[in-house]
There are 2 protein chains.
Amino acid sequence: MTYCVGMRLHAGLVFLSDSRTNAGVDHIGTFRKMSVYEQRDDRVMVLMTAGNLSISQSVRELLNTYTDAQGLSVWNAPNMYEAARILGETVRLVNQRDAKALSGFGIDFNVSLIFGGQIGNERCRLFQIYAAGNFIEAHDENTYFQIGEAKYGKPIIDRVVNPDTSLDDAAKCALISMDSTLRSNISVGLPLDLLVYETGSLKVDRFAIIDEKNPYFQMIRSSWGQQLKNVFEGIEAPDWEPHNDASQTETPGQHQPVRVTPPAIS
Amino acid sequence: MTYCVGMRLHAGLVFLSDSRTNAGVDHIGTFRKMSVYEQRDDRVMVLMTAGNLSISQSVRELLNTYTDAQGLSVWNAPNMYEAARILGETVRLVNQRDAKALSGFGIDFNVSLIFGGQIGNERCRLFQIYAAGNFIEAHDENTYFQIGEAKYGKPIIDRVVNPDTSLDDAAKCALISMDSTLRSNISVGLPLDLLVYETGSLKVDRFAIIDEKNPYFQMIRSSWGQQLKNVFEGIEAPDWEPHNDASQTETPGQHQPVRVTPPAIS
């Protein structure tokens, strides 16, 4: 499996991906799932992939050279919407080529993509592209996308991130979200690719490969876990004693469960 | 969907279940998923169910009256292992009766159960029962089971709970785990059934139905979220500046992403 998260903030974009692949527990691999398409001062686009690795790799390869009937490619698309559409077309090309043969082996055409960036003066945009080549865009009400093993790391993002979150805080949150996922699911693994893009810069200048020796990620892993435990211990325990105070009528201990009683002996 | 969690600690057992069911977004219901089988001073058993509601309800109903060929029922089983086996048999009975007809409508025989308790002088035991009627037991190395929408609420349990955790702390953790799930997944909903069983008591004396007015759950929801944000803000931001210090070679900002460069113009 995989865990990738992309966030679209007013300040820019944050992308984080793991690098574990598995085709069964006896076939674990490390493949980086983030690719950067950069033309300085013109466009920066970032692609993250989840799903069948052969499909993901073909999409990434085709995207680089694909030109549609109007001569548009990701390298000259006038805006990110058109670039996402072109990416969707390459997914459909791979589908036409591979889906039937895969299906013959009982394998679904399974791929999902996060694609975001900035072209020229347009604002930063972030898309999620599905296996059918259709796609949706992130907006202020839904400011991030996740692909792969998304659920473990979702609560912390829901609690912390909004469109006004700073890039540093968003990167920190993405790493905590990844840490929660790494701890709970063995199919997601280090190293991580982290890319932070600042609106208007039109170049990649904050990128890191994070492995188990990375001091910042080590600090996050240990201090987040420890401080979470401290907060946990600081929250008072439930009070099971009955209260006479009317305001406390919803206190634990005064309800009846759904009881199943033994059948009468006939 | 559903979220239920059961924990087996040295001090006893904790059970927590939500009550939302849905058969499509236009068909949301409230059904309690926890049932208590209690014979004071002899046995306390708790069943939580996830999956197809008609199957769950039939299993619950049958379990009360089912007696196997040796005359054993949950009411006279000599230990929890035998009680879990009897529960598995009732799942198989429902399967024999309903699975083929459901299959004709393209509906899987989908049910999963958490079943735990104490019989006589035996230790507290906790089981997870599958749709095939087979089951596994919790031990110190794997001290809890979840059914339904398990992933959102798993990280906090993994970080906090171990066999020596007190019943109050385990109940607190289960409620935080539920809160994370409620925030991230609309198919899980209030009210909650919370039951805390103390080893050796052989009666149910700590049970609560928790709805949105419950002051303890309100406190957990607000203070956990707020303190999580405080901890988050207290963790330092990543440092993207290059360092000359050799010990800092893994600091962000010094790596290269997987770059895709534009194809050469022919």
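1. A salt bridge is a side-chain nitrogen of Lys or Arg within 4 Å of a carboxyl oxygen of Asp or Glu. Side chains of opposite charge can pair when their charged atoms come close.

2. This is a predicted model, in which local features need pLDDT of at least 70 and side-chain atom pairs count only at pLDDT 80 or more, while totals for chains, interfaces and linings use all residues. Side-chain values use heavy atoms, with hydrogens and water left out, residues are numbered from 1 along each chain as its sequence is written, and chains are lettered from A in the order in which they are written.

3. Over all chains, the structure holds 44 salt bridges. One of them joins the side chains of Arg159(B) and Asp179(A), at 3.2 Å from N to O. This pair crosses between chains, from helix H3 (residues 154-160) of chain B, where Arg159(B) lies, to helix H4 (residues 167-184) of chain A, which holds Asp179(A); a helix here is a DSSP run of H or I with at least four residues, numbered from the N terminus. Both Arg159(B) and Asp179(A) are buried, a word that means under 20% relative accessible area, whereas exposed means over 50% and partly exposed lies in between (1.4 Å probe, protein chains only).

4. In chain A, Asp42(A) and Arg43(A) meet through their side chains in a salt bridge of 2.7 Å, N to O. Asp42(A) is partly exposed at 27% relative accessible area, whereas Arg43(A) is buried at 4%.

5. In chain B, the side chains of Asp205(B) and Lys203(B) form a salt bridge, 3.2 Å from N to O. Asp205(B) counts as partly exposed at 40% relative accessibility, and Lys203(B) is partly exposed at 26%.

Terms used. Helix = DSSP H or I, 4+ residues; strand = E, 2+ residues; numbered from the N terminus.
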